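Try each task yourself before you read its solution.

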Amino acid sequence: MDQNRPRHPAKSHSRQQPFKQQTECNTTLAIVWLLLGYFGVFDLGFGRAVANRIAILHDATAEERQGIFWTGLVISAVTGLVGGVILYLIGDWIFVHILHIQSALRIEAENAMPWLASALPLAIIISLLSGALEGRQAFIALNGAQIFGTVLYQIFPLIMAYSGWITLPYLIAAAITGRLLSAFLLFALAYRHVPLSPRPCFDFKQIRSLLHYGGWITVTGLVGPLLTVFDRFIIGAQVGMVAVTAYTVPYNLVMRSTMLPSSLQTALFPRFAMQEPADAGALATRTIVTIGALMTPIVVLGLLLLKPFMIFWVGTGLAERAAPVGQILLVGIWVNALAGIPYTYLQSRGRPDLPAKFHVLELIPYIAILWLLIELIGIAGAAWAWDLRVLADTMLLFWAAKTTSGLSLTFASLLPIITAFVIAFELPYDSVLYIIASIFLTSISIGWSLVSIPQDQRTTVSRMFLMQAINFYSRLVHKKYDA
């Protein structure tokens with residue numbers, strides 16, 4: 001072989017440049033979608049409000065449900081358009097002074113701003129349509145439409161990129177086209193399940209109640225994310241950005257375990273709303289026992305397997321710092337899973353103000369405790385602060401919902417959890433004693449789970465697992481095409 005033969009550097013460069021351009025564009029596109037997510041506050045909680053009102057009117061005439069649907073749809077369209085106009089007017093300033101997007105891509109982002117502004121009302125309308133289907137308990141149809149929308153949302157920009165149109169205006173326009181088709185499908189499903197008549201029917205008397213309910217949902221939507229991101233800001237300020245990684249990796253990992261109780265809460269929201277108070281309270285009590293039973297083996301397994309898994313995944317150095325954080329958080333996740341039931345119960349029974357007020361009340365004390373514990377014990381202190389806030393929130397929610405009768409049986413689940421926590425911290429994970437104790441505790445917790453779930457809840461749990469399988473598939477599709 002002639003070693004002096006030219007290597008065609010120009011050809012190699014031509015291959016590298018589109019890849020670099022696409023990588024930078026993907027990063028900017030992710031930032032743009034994040035910005036759009038922040039402006040989702042213009043939803044004003046109407047998706048949840050419509051879900052609540054339609055669930056309450058499950059025995060009412062179709063005309064009454066239509067009045068809720070069309071009134072909510074009109075208001076959502078108006079607020080979405082207002083939010084889109086505001087985003088269009090200040091978007092350029094945000095790109096320059098807040099997000100600091102580079103000059104070349106900033107021009108693309110500015111050119112894409114009309115598309116981005118039009119995406120906001122579409123996203124808000126999709127939230128409203130999803131709420132209508134949730135209120136009618138059409139979960140299979142809703143999840144199928146969400147999978148369809150997710151696939152199109154990812155495939156259309158991918159096709160556009162492979163066709164050579166690797167600029168933000170084209171990519172955002174392609175993504176919006178996918179969302180638009182998803183919105184049409186959701187509307188067709190709402191037309192069938194609400195059901196709707198060809199002639200729109202408005203009920204302007206519902207505006208005040210929808211705004212009141214949605215306003216408190218908006219407060220929760222604004223304060224809730226602050227309660228979940230302040231820990232990383234304070235860790236970065238006090239300990240450094242390397243510590244933020246050691247905290248964020250286990251945090252994101254263990255939060256995956258909340259998918260099961262979240263699915264159950266979604267399924268129960270319309271049922272709580274449509275039942276009589278006594279029946280809804282009894283259902284909440286039985287569901288608390290079910291959630292405790294379901295989460296106990298998940299948390300026990302997580303406590304025992306987290307450290308060896310993280311050593312295999314990220315290496316010994318990071319795992320030694322990160323695994324204890326995840327193990328501490330897992331205890332709080334079990335408590336927080338219980339809190340989801342009174343939280344959902346209160347929102348479904350027309351009291352969304354109480355969870356919102358509790359979140360506002362917790363914000364300042366949580367930041368103070370977070371700062372103090374990080375100062376004293378580092379990133380593990382952030383995990384303990386999160387657990388303490390979750391415990392306080394859980395106590396407030398149970399007190400407000402008056403659904404504490406199921407807690408005595410549920411708290412028995414703490415014994416295997418506490419035992420697993422102690423073993424995970426005190427014994428070497430590769431010792432024979434650790435393995436034997438892990439098998440024993442896992443078996444005990446699974447047996448406890450099977451015995452504890454009330455008979456009438458098993459059908460709901462089966463449906464929940466079906467929903468979760470669909471959601472998991474949707475996430476896989478999203479990650480595959482996002483990569």
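This is a predicted model: local features need pLDDT of at least 70, side-chain atom pairs count only at pLDDT 80 or more; totals for chains, interfaces and linings use all residues.

**Exercise 1.** Work out what span helix α5 (residues 113–135) should have, and check it against the distance between its end C-alpha atoms.

*Solution.* Start with the 23 residues of α5: at 1.5 Å a residue, they should span 33 Å. Next, look at the end C-alpha atoms, which are 34 Å apart, and that agrees. Finally, step past the helix to Q137, which follows α5 and has a positive phi, near 60°.

**Exercise 2.** Describe how helix α9 (residues 241–254) packs with helix α12 (residues 316–348).

*Solution.* Two packed helices are described by the angle between their axes and the distance between the axes. For α9 and α12, the angle is about 45° and the axes are 8 Å apart. Angles from 65 to 115 degrees would count as roughly perpendicular and those under 35 as roughly parallel, so this pair is oblique. The crossing of α9 and α12 is right-handed. Among the residues making the contact are A246 and Y247 of α9, along with V325 and L329 of α12. Sorted by class, the contact has 13 nonpolar residues, one polar and one charged.

**Exercise 3.** Is S76 buried or exposed, and which residues is S76 in contact with?

*Solution.* Then set aside neighbours within four places in sequence, and S76 is in contact with F46, I124 and L128.

How values were computed: Residues are numbered from 1 along each chain as its sequence is written. Side-chain values use heavy atoms; hydrogens and water are left out. Helices (H or I, at least four residues) and strands (E, at least two) are DSSP runs, numbered from the N terminus. The expected span of a helix is 1.5 Å times one less than its number of residues. Axes are lines fitted to C-alpha atoms, for helices over the stretch in contact, and angles run from 0 to 180 degrees between N-to-C directions. Angles under 35 degrees count as roughly parallel, over 145 as roughly antiparallel, 65 to 115 as roughly perpendicular and the rest as oblique. A crossing is left-handed if the near helix is turned anticlockwise from the far one by less than a right angle, and right-handed if clockwise. Contact means heavy atoms within 4.5 Å. Ala, Val, Leu, Ile, Met, Phe, Trp, Tyr, Cys and Pro count as nonpolar, Asp, Glu, Lys and Arg as charged, and the others, Gly among them, as polar.
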